[in-house]
Amino acid sequence: MNQERVFKVLLGPHVTEKAAFAAENNQYVFKVASDATKPEIKKAIEVLFEKKVDRVQVLNVKGKTKRTATGTGFRKGYRKAYVTLAAGETLEDFSGVE
């Protein structure tokens, strides 16, 4: 995987209360590209953060239907990844998320 693809796979951290609780169990949540695969996500985390990844779980979040004065519309869906790091590894950037 080239360096340019690494930066396109991970779009950013997914900061929620549920993600903060998952971080306590060495599991971190990221928004990822819609065409990203589990091996690409694993490689991107290992290259960018220099940490050993144990497991990657991917989830597609569907966009919500919303009503407006002019009719109905859809919010855009996205894809997120739950990344479990190997034992003893942590991401310091996510320690103070609240």
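Leaving aside its neighbours within four places in sequence, which residues is threonine 84 in contact with? The model is predicted, and the answer comes from its atoms. The partners are Asn26, Gln27, Val53, Asp54 and Arg55. Threonine 84 itself lies in strand S6. To place these contacts, start with the sheet.

The sheet is open and has 4 strands. Their order is S1-S2-S6-S3, and the pairing is antiparallel. Strand S1 (10-13) and strand S3 (53-61) stand at the edges. Each has a single partner strand, so one side of each is left without a neighbour in the sheet. From one strand to the next, the twist averages 30°.

Look now at the S1 end. S1 and strand S2 (residues 27-32) run antiparallel and are joined by 3 bridges. Proline 13 has phenylalanine 30 in S2 as its bridge partner.

A helix comes next. Helix H3 (residues 38-49) lies across S1, S2, S3 and S6. Its direction makes an angle of about 125° with S3.

Threonine 84 is buried, because its relative accessible area is 11% and the cut-off for buried is under 20%. Its contacts include Gln27, and residues 27-32 form S2. They also include Val53, Asp54 and Arg55, and S3 spans 53-61.

Step past the end of the strand. Alanine 86 is found in the segment after strand S6 (78-85). What does alanine 86 contact, leaving aside its neighbours within four places in sequence? The partners are Asn26, Lys52, Val53 and Asp54. Alanine 86 counts as buried because its relative accessible area is 17%, against a cut-off of under 20%. In sequence, alanine 86 and asparagine 25 are 61 residues apart. In space, their C-alpha atoms are 11 Å apart.

The last stop is the loop between H3 and S3, where lysine 51 lies. Is lysine 51 buried or exposed? Lysine 51 is buried, because its relative accessible area is 18% and buried means under 20%. Beyond its neighbours within four places in sequence, lysine 51 is in contact with Ile45, Glu46, Leu85, Glu89, Thr90, Leu91 and Glu92. A polar atom of the lysine 51 side chain lies 3.2 Å from the backbone oxygen of threonine 90.

How values were computed. Residues are numbered from 1 along each chain as its sequence is written. This is a predicted model: local features need pLDDT of at least 70, side-chain atom pairs count only at pLDDT 80 or more; totals for chains, interfaces and linings use all residues. Side-chain values use heavy atoms; hydrogens and water are left out. Helices (H or I, at least four residues) and strands (E, at least two) are DSSP runs, numbered from the N terminus. Buried means under 20% relative accessible area, exposed over 50%, partly exposed in between (1.4 Å probe, protein chains only). Contact means heavy atoms within 4.5 Å. Two strands pair if DSSP finds at least two bridges between them. Axes are lines fitted to C-alpha atoms, for helices over the stretch in contact, and angles run from 0 to 180 degrees between N-to-C directions. A polar contact is a pair of N or O atoms within 3.5 Å; within protein, one must be able to donate a hydrogen and the other to accept it, and residues adjacent in sequence count only if both atoms are side-chain atoms.
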